[in-house]
Amino acid sequence: NVSRTVSGLPAATHLYVRAYARIAGGVAYSDAASFTTPGGEWDVWDGSVATSFAGGSGTGADPWLIETASQLAYLSSQVAQGESFAGKYFRQTSNINLDAREWTPVGSPSGTAFSGFYDGDEYEVSGLSITGTRERGQGLFGATHDADIRNLTVEGSISADAQGIGGIVGYADGGVISRCTSHVSVTSAVTDGHGGILGMTGSAMVRLEYCRNRAAVTAASGAGGLLGILIDYGEIEFCSNEGAVSGQSRIGGIIGSIPNDFSARIRYCLNHASVSGNQYIGGIAGYTNLSDTIKDCGNRGPVSGYSDVAGICPVGGGSRYNCYNTGAVSGYTRVSGISRNGADASYPENTCNSAGYATGYIFCADSYNYTDNYWLYDEKTGRGQQENLWYNGAPSAQNWFVNNEKGAFIQGNPARDLVTSLNDWVSARSTETDSYRPWTYELIGGYACPVLVLNL
């Protein structure tokens with residue numbers, strides 16, 4: 001056992017910590033543990049409901065102010081009575097502690113959804129608690145429609161039998177969730193739609209940006225670190241997950257499942273935590289469809305399952321560009337370091353399937369055509385291979401590469417630096433409207449390995 005005392009922490013601040021150990025195969029990380037330091041100004045809920053807000057008129061220049069837990073409960077009660085607050089603005093002005101009292105979410109899919117603008121103004125709502133058998137849409141906000149929720153941190157736990165559970169929003173039909181952080185653990189035995197930030201979406205376009213999940217998500221199926229199920233078109237950008245995600249089917253570090261073909265985009269996202277389950281388990285996504293794009297994403301957590309397991313996304317259509325995986329990937333059948341496509345036999349189903357491939361460090365430039373993909377054959381020797389041919393092709397000798405503590409070098413005369421080659425790929429394909437993230441080296445397990453510059 002190892003213990004350490006840390007002093008001088010800021011008051012009334014939610015912090016997280018995780019341990020790491022350097023081992024022969026690289027660096028192993030524990031799951032994150034979080035806590036809130038005492039002190040500062042917190043309003044603790046006594047279960048009452050206010051009769052008005054703290055001030056304001058609901059306009060963008062003069063938003064309604066929420067400074068107490070009872071005023072937040074008043075917002076919930078007003079939406080329950082049929083007021084959607086469409087086009088109205090709110091701003092939180094203090095930290096709020098719900099004191100683990102049973103919470104009634106703001107908005108309901110079966111009733112009225114919240115349709116306003118809520119700015120947390122960098123404050124926190126702690127002590128969220130939702131339990132028991134509930135209707136679809138559970139979270140601090142149960143249901144939103146074309147709402148804008150931003151700059152908010154929520155801490156607590158939801159252990160409920162319901163579809164659509166999220167730390168910030170349970171069910172969103174359109175709208176934006178921006179710069180929000182969840183420390184809400186989510187647990188459900190019900191299938192479909194459970195995420196650290198958002199549980200599930202409706203038919204309108206939803207965008208998640210600059211959000212972070214730092215708590216565990218556990219559900220039967222359709223669970224993701226950020227979003228459980230995306231029903232229609234949507235975007236997830238500049239988001240990260242640090243909470244373990246587990247379940248049975250369609251489990252992903254960022255998103256669990258995109259079941260329909262509506263051109264969803266996942267870009268500039270990073271998963272740090274473990275992802276585990278039975279089938280369709282991915283470091284970024286558990287399952288995607290034909291027109292979906294995963295671009296400039298990375299997975300650093302271990303990914304494990306029985307079948308259809310991958311460092312980025314195991315199965316489904318769509319494109320994967322400029323992604324990397326440094327997490328160990330393990331399973332029994334159809335295991336891949338980056339991705340595979342079971343719907344198209346011309347795709348190299350066996351790419352990265354062997355134990356050496358799947359547990360090694362893997363990265364790719366273009367996984368739609370399976371060109372410019374690289375992986376380490378052996379973590380210990382650092383010997384790797386570039387695969388830019390189809391399933392029945394044979395890589396030429398010059399495509400082998402070797403890396404050491406300073407860099408990775410593609411064999412040939414002359415030898416080429418791997419990061420330089422990857423950045424050449426990025427430069428050749430980036431435009432003013434559609435750019436790719438550059439690569440750099442990071443020391444992993446004693447070897448310099450290429451990683452994307454994501455800063456997440």
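## Residues with positive phi

Arg250 counts as partly exposed because its relative accessibility is 25%, where buried means under 20% relative accessible area, exposed over 50% and partly exposed in between, with a 1.4 Å probe and protein chains only. Arg250 lies in strand β24 (residues 249–252), and although Arg250 is not a glycine, its phi is positive, at about 55°. Strands (E, at least two residues) and helices (H or I, at least four) are DSSP runs numbered from the N terminus.

Asp99, also a residue other than glycine, has a positive phi near 60°. Asp99 sits in the loop between β8 (95–97) and β9 (117–133), and its relative accessibility of 37% is why Asp99 counts as partly exposed. Most residues other than glycine have a negative phi.

## Basis of the model

This is a predicted model, in which local features need pLDDT of at least 70 and side-chain atom pairs count only at pLDDT 80 or more, while totals for chains, interfaces and linings use all residues. Residues are numbered from 1 along each chain as its sequence is written, and side-chain values use heavy atoms, with hydrogens and water left out.

## Cysteines

The structure holds zero disulfides, a disulfide being a pair of cysteine sulfur atoms within 2.5 Å. Cys211 is in no disulfide, and the nearest cysteine sulfur, that of Cys239, is 4.8 Å away; Cys211 counts as buried because its relative accessibility is 2%.

For Cys269, the closest cysteine sulfur belongs to Cys297, and the distance of 4.8 Å is too far for a bond. Cys269 has 0% relative accessibility and therefore counts as buried.

## Helix α3

Helix α3 (residues 418–429) has 12 residues and, at 1.5 Å a residue, should span 16 Å, which agrees with the 17 Å between its end C-alpha atoms; the expected span is 1.5 Å times one less than the number of residues. At the start of α3, a side-chain oxygen of Asp417 comes to within 3.3 Å of the backbone nitrogen of Val419.

The buried residues of α3 are Leu418, Val419, Ser421, Leu422, Trp425 and Val426. Seen down the axis of α3, these buried residues fall within an arc of 165°, so they line one face of the helix, the arc being that of the directions from the helix axis to the C-beta atoms. The exposed residues Ser427 and Ala428 are on the face of α3 turned away from its buried side.

## The chain as a whole

The chain has three helices and 45 strands, and 54% of its 456 residues count as buried.

Note on methods:
A polar contact is a pair of N or O atoms within 3.5 Å; within protein, one must be able to donate a hydrogen and the other to accept it, and residues adjacent in sequence count only if both atoms are side-chain atoms.
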